[in-house]
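The sequence and the model are shown first, and a description by topic follows.

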Amino acid sequence: MRESTLERRLVREVERIGGLAPKWVSPGNNGVTDRLVILPNGVTVYVETKAPGEPLKPLQRKWAKELTKRGHRHYKIDSVEDIDRFIAEVSGG
């Protein structure tokens with residue numbers, strides 16, 4: 001399955017639970033996550049989507065570490081099962 005297919009499904013599932021998942025582009029900041037997931041009740045989560053089995057690149061790992069160090073939630077999603085787990089976790093189900 002392609003990364004773009006997973007990303008589209010993620011956006012659809014986030015919208016289904018009342019959230020938004022805009023693409024995040026930050027010029028001059030290589031490695032930022034693909035999506036900001038904005039959930040009801042003021043919760044924002046950072047998500048990097050990858051093709052199945054593909055690891056984070058070094059700059060992506062650095063961003064994940066910086067975000068989590070500051071108390072933010074960061075997820076790497078590379079499968080439909082990851083999307084299902086993510087939705088269950090962030091929606092309280």
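This is a predicted model: local features need pLDDT of at least 70, side-chain atom pairs count only at pLDDT 80 or more; totals for chains, interfaces and linings use all residues.

## Aromatic residues

Trp 24, Tyr 46 and Trp 63 together make up one aromatic cluster. Across the whole structure, a search finds 3 aromatic pairs. One of them joins Trp 24 and Tyr 46, whose ring centres lie 5.6 Å apart with the planes at 50°, so the pair is classed as tilted. This pair links distant parts of the chain, since Trp 24 belongs to the loop between α1 and β1 while Tyr 46 belongs to strand β2, 22 residues apart. Trp 24 is partly exposed, with a relative accessible area of 22%, whereas Tyr 46 is buried, with a relative accessible area of 13%.

Tyr 75 and Phe 86 form an aromatic pair of the edge-to-face kind, with 4.8 Å from centre to centre and 80° between the planes. This pair, too, links distant parts of the chain: Tyr 75 is in strand β3 and Phe 86 is in helix α3, 11 residues apart. Tyr 75 and Phe 86 are both buried.

## The sheet

The structure contains an open sheet of 3 strands in the order β1-β2-β3, and the pairing in this sheet is mixed. The edges are taken by β1 (35–39) and β3 (74–77); each has a single partner strand, so one side of each is left without a neighbour in the sheet. On average, and with direction ignored, neighbouring strands of the sheet are turned by 30° against each other.

Between β1 and strand β2 (residues 43–49), the pairing is antiparallel and runs over 5 bridges. Within this part of the sheet, Val 37 stands opposite Val 45 in β2.

In soluble globular proteins, nonpolar side chains tend to be buried together. In this model, the largest nonpolar core has 16 residues, and those with the most contacts inside it are Val 37, Val 45, Val 47 and Phe 86. At least two residues of this core come from each of α1, β1, β2, β3 and α3 (80–90). The element that gives the most to the core is α3, with 5 residues.

Phe 86 illustrates the packing. Leaving aside residues up to four places away in sequence, Phe 86 touches Leu 10, Val 14, Val 37, Val 45, Val 47, Tyr 75 and Ile 77.

## Helix α3

Which residues of α3 are buried? They are Val 80, Asp 82, Ile 83, Phe 86, Ile 87 and Val 90. Seen down the axis of α3, these buried residues fall within an arc of 155°, so they line one face of the helix. The buried residues of α3 pack against α1, β1, β2 and β3. After α3 comes Gly 92, which has a positive phi near 80°.

## Helix α1 and Arg 8

Helix α1 (residues 3–16) includes Arg 8. Is Arg 8 buried or exposed? Arg 8 is exposed, because its relative accessible area is 52% and the exposed class begins over 50%. The C-alpha atoms of Arg 8 and Ala 21 are separated by 9.7 Å, and these two residues are 13 residues apart along the chain.

Notes. Residues are numbered from 1 along each chain as its sequence is written. Side-chain values use heavy atoms; hydrogens and water are left out. Two strands pair if DSSP finds at least two bridges between them. Helices (H or I, at least four residues) and strands (E, at least two) are DSSP runs, numbered from the N terminus. Axes are lines fitted to C-alpha atoms, for helices over the stretch in contact, and angles run from 0 to 180 degrees between N-to-C directions. Buried means under 20% relative accessible area, exposed over 50%, partly exposed in between (1.4 Å probe, protein chains only). A nonpolar core is a set of buried Ala, Val, Leu, Ile, Met, Phe, Trp, Tyr and Cys residues joined through side-chain atoms within 4.5 Å. Contact means heavy atoms within 4.5 Å. The arc is that of the directions from the helix axis to the C-beta atoms. Rings of Phe, Tyr and Trp (its six-membered ring) pair if their centres lie within 6.5 Å; planes under 30 degrees apart count as stacked, over 60 as edge-to-face and the rest as tilted.
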